[in-house]
Amino acid sequence: MYGGRIKPSGFTQYLMHEVRRYGVDHGEALTLCLAAPEHNKLSYNELDEIDRTLGTRGRIVCLDEEGYEIEGILSVKPDDPHPCASLDVAQAYSALRRHMAAVTDARVLVGGNLSDFVGAMPGIIEEAIVSVQAQQPLYVAAGLGGAAALVAKRLHLDDLSWAPDDFPARPADDERIDHALGLLATVAASSGWRATSCGLDAHGIRQLAASHRTSEIASLVVGGLTQATC
C-alpha cells in the first residue's frame with residue numbers, strides 16, 4: 001500500500017510500472033491510497049485511466065477528509081478536477097496516514113520531503129508517529145536522507161555517524177520539524193513501542209538505517225517481516 005500523489009508524476013508512476021511488469025492478476029499487488037486533496041486534483045478520465053492501468057493487479061482507494069473510503073468513487077467523480085477551497089488539507093493528509101496505519105501491519109519509511117510540505121508536519125515523520133502509536137513494526141531506511149533519516153536518529157535506530165554532519169539537508173529554522181520529532185520521541189517512550197518489533201536485531205536495524213540500495217532495503221524488510229511481532 002502506498003499513500004502518495006498522482007500529479008505531478010513521481011514514485012506512484014514507478015510503482016504502477018513495476019506492478020504491470022511483475023504483479024500477479026487478482027493478487028492486488030499494489031493499493032494506491034489517495035487523500036482528498038490528491039484525488040480532487042484529478043478528472044474522471046484521469047482517475048479512470050489509473051484504475052484501468054492497475055487492472056486486476058492493484059486497486060485505488062480514495063478517502064474523504066476524515067479518512068473514510070469513498071465507495072464507488074468513479075460513479076460520483078466529476079468530469080473535471082474539483083478542488084475544494086474549504087478543505088482542511090493538513091487534516092486530510094493526517095487522516096490518510098491514520099487510515100493506512102489502521103489497515104496495514106507494518107510500515108517502511110524511505111526519504112521524505114523536509115521542505116515545502118503541505119501537512120501539519122513532514123509526512124514521513126507523521127507516518128512514523130501514527131505507526132509507533134499503533135505499535136506497528138517500523139522499517140526505516142535513512143541512507144537516502146530526508147525525513148526518514150531524522151526519524152532513524154530520533155528513535156535511536158542509528159546515530160548516522162557514517163553520514164556528514166549536515167545530513168540530511170533540512171531548513172534550519174523550521175520549528176515544525178523539531179516539534180514533530182519531539183512528538184515522535186514522546187509517543188515512542190509512552191506507547192511501549194519497541195524497535196525490535198520489526199523482527200530485526202540491533203545490527204539489522206542499523207544496516208537498514210544506513211542503506212541506500214533498494215535491493216538491500218527490500219531484503220532486510222522481507223527478512224524482518226518473517227520474524228516481526230505484528
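In sorting residues by class, Asp, Glu, Lys and Arg count as charged, while Ala, Val, Leu, Ile, Met, Phe, Trp, Tyr, Cys and Pro count as nonpolar, and the others, Gly among them, count as polar. The model discussed here is a predicted one.

With those classes in hand, take the second largest pocket. Its lining contains seven nonpolar residues, five charged residues and no polar ones. The residues concerned are Leu150, Lys153, Arg154, Leu160, Ala163, Pro164, Asp165, Asp166, Phe167, Pro168, Arg170 and Leu181. Helix α7, which covers residues 146-154, provides the largest share of this lining, namely three residues. The space in the second largest pocket comes to about 210 Å³.

The largest pocket has a volume of about 1800 Å³. Its lining is made up of 47 residues, and those nearest its centre are Tyr2, Gly3, Phe11, Val108 and Val110. Several elements each contribute at least two residues to this lining: the strands β1 (2-3) and β4 (107-110), and the helices α1 (11-22), α5, α6 (123-133) and α10 (214-225). Sorted by class, the lining of the largest pocket holds 27 nonpolar, eleven polar and nine charged residues.

A cavity differs from a pocket in that a probe fits inside a cavity but cannot get out. The structure has one cavity of 30 Å³ or more. The volume of the largest cavity is about 60 Å³. Leu138, Tyr139, Val140, Leu157, Ala195, Cys198, Leu200, Ile205 and Leu208 form its lining. How do these residues divide by class? Nine are nonpolar, and none is polar or charged. Strand β5 (138-141) and helix α9 (202-210) each supply at least two of the lining residues, and β5 gives the most, with three.

One of the residue pairs is Val110 with its bridge partner Ala141 in β5. Val110 is also among the residues that lie nearest the centre of the largest pocket.

Another sheet involves strands earlier in the chain. Strands of a sheet pair through backbone hydrogen bonds, either parallel or antiparallel. Here three strands form an open sheet in the order β1-β2-β3, and the pairing is parallel. Strands β1 and β3 stand at the edges with a single partner strand each, so one side of each has no neighbour in the sheet. Two bridges link β1 to β2, and Tyr2 has Leu32 in β2 as its bridge partner. Helix α5 packs on this sheet and touches β1 and β2, its direction making about 150° with that of β2.

Between β2 (residues 30-34) and β3 there are five bridges. Why is β3 described as largely enclosed by the rest of the structure? Four of the five residues of β3 (residues 58-62) are buried, so the strand is largely enclosed. Helix α3 (residues 44-54) lies across β2 and β3, and runs at about 150° to β3.

Cys33 is located in strand β2, and it stands opposite Val61 in β3. Is Cys33 buried or exposed? Its relative accessibility is 0%, so Cys33 counts as buried. Leaving aside neighbours within four places in sequence, Cys33 is in contact with Met1, Tyr2, Gly3, Gly4, Val61, Leu63, Leu96, His99 and Met100. Gly224 lies 191 residues from Cys33 along the chain, and the C-alpha atoms of these two residues are separated by 24 Å.

Helix α5 spans residues 89-103 and includes Arg97. A residue is buried if its relative accessible area is under 20%. Arg97 has a relative accessibility of 12%, so Arg97 counts as buried as well. Not counting residues up to four places away in sequence, Arg97 touches Arg107, Gly123, Glu126, Glu127 and Val130.

Notes:
Residues are numbered from 1 along each chain as its sequence is written. This is a predicted model: local features need pLDDT of at least 70, side-chain atom pairs count only at pLDDT 80 or more; totals for chains, interfaces and linings use all residues. Side-chain values use heavy atoms; hydrogens and water are left out. On a 1 Å grid over the protein atoms alone, a cavity is a set of points where a 1.4 Å probe fits but cannot get out, and a pocket is an open set with protein on both sides within 12 Å along at least five of seven lines; lining residues have an atom within 4 Å of a point. Grid points are joined across faces, edges and corners, and a volume is the space filled by probe spheres set on the points. Buried means under 20% relative accessible area, exposed over 50%, partly exposed in between (1.4 Å probe, protein chains only). Two strands pair if DSSP finds at least two bridges between them. Contact means heavy atoms within 4.5 Å. Axes are lines fitted to C-alpha atoms, for helices over the stretch in contact, and angles run from 0 to 180 degrees between N-to-C directions.
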